[in-house]
Amino acid sequence: VTLAPFLAARRVARTTFERWREGDELTLDKRPEAALDVFASDGARRTAELVRVAGELGLRVCSLQAAPLERA
């Protein structure tokens, strides 16, 4: 299963996006303490929060939003 954490989203004009350079910053439209949505390739969806584990970035699952899809 592949997991894809959704951190935040923000719409920007294509011309703005094309002008971005290394080191540029963008403020996202989600509070840092807000739960993340985590989507799985099997259809499962959960919420999670960012955590540090032994100096690495990780996710702590907070709740189940949608169960995995059943195999046919």
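Two strands count as paired here if DSSP finds at least two bridges between them. The legends below describe close-up views of a predicted model.

**View 1. The hairpin of strands E2 and E3.** Strand E2, residues 36-40, and strand E3, residues 45-53, pair in the antiparallel sense over four bridges. Four residues lie between the two strands of this hairpin. In the turn, Gly 43 has a positive phi of about 95°. Within the pairing, Leu 36 stands opposite Ala 48 in E3, and Asp 37 stands opposite Thr 47 in E3.

**View 2. The hairpin of strands E3 and E4.** Strands E3 and E4 run antiparallel and are joined by nine bridges. Two residues separate the strands of this hairpin, and Ala 54 in the turn has a positive phi of about 50°. Leu 50 stands opposite Leu 59 in E4.

**View 3. The open sheet of four strands.** The strands follow the order E1-E2-E3-E4, with antiparallel pairing. Strand E1 (3-6) and strand E4 (56-66) stand at the edges; each has a single partner strand, so one side of each is left without a neighbour in the sheet. From one strand to the next, the twist averages 35°. Strands of a sheet pair through backbone hydrogen bonds, in either a parallel or an antiparallel arrangement.

**View 4. A nonpolar surface patch that includes Trp 20.** Val 12, Phe 17, Trp 20, Leu 26 and Leu 28 make this patch, which covers about 420 Å². Trp 20 lies in the loop between helix H1 (14-19) and strand E2. The relative accessible area of Trp 20 is 33%, and the residue is therefore partly exposed, since buried means under 20% and exposed means over 50%.

Technical notes: Residues are numbered from 1 along each chain as its sequence is written. This is a predicted model: local features need pLDDT of at least 70, side-chain atom pairs count only at pLDDT 80 or more; totals for chains, interfaces and linings use all residues. Side-chain values use heavy atoms; hydrogens and water are left out. Axes are lines fitted to C-alpha atoms, for helices over the stretch in contact, and angles run from 0 to 180 degrees between N-to-C directions. Patches are made of residues with over 30% relative accessible area and no salt bridge: like charges are joined within 9 Å, nonpolar side chains (Val, Leu, Ile, Met, Phe, Trp, Tyr) within 5 Å. Accessible areas come from the Shrake-Rupley method with a 1.4 Å probe; for residues, only the protein chains shown count as cover. A salt bridge is a side-chain nitrogen of Lys or Arg within 4 Å of a carboxyl oxygen of Asp or Glu. Buried means under 20% relative accessible area, exposed over 50%, partly exposed in between (1.4 Å probe, protein chains only).
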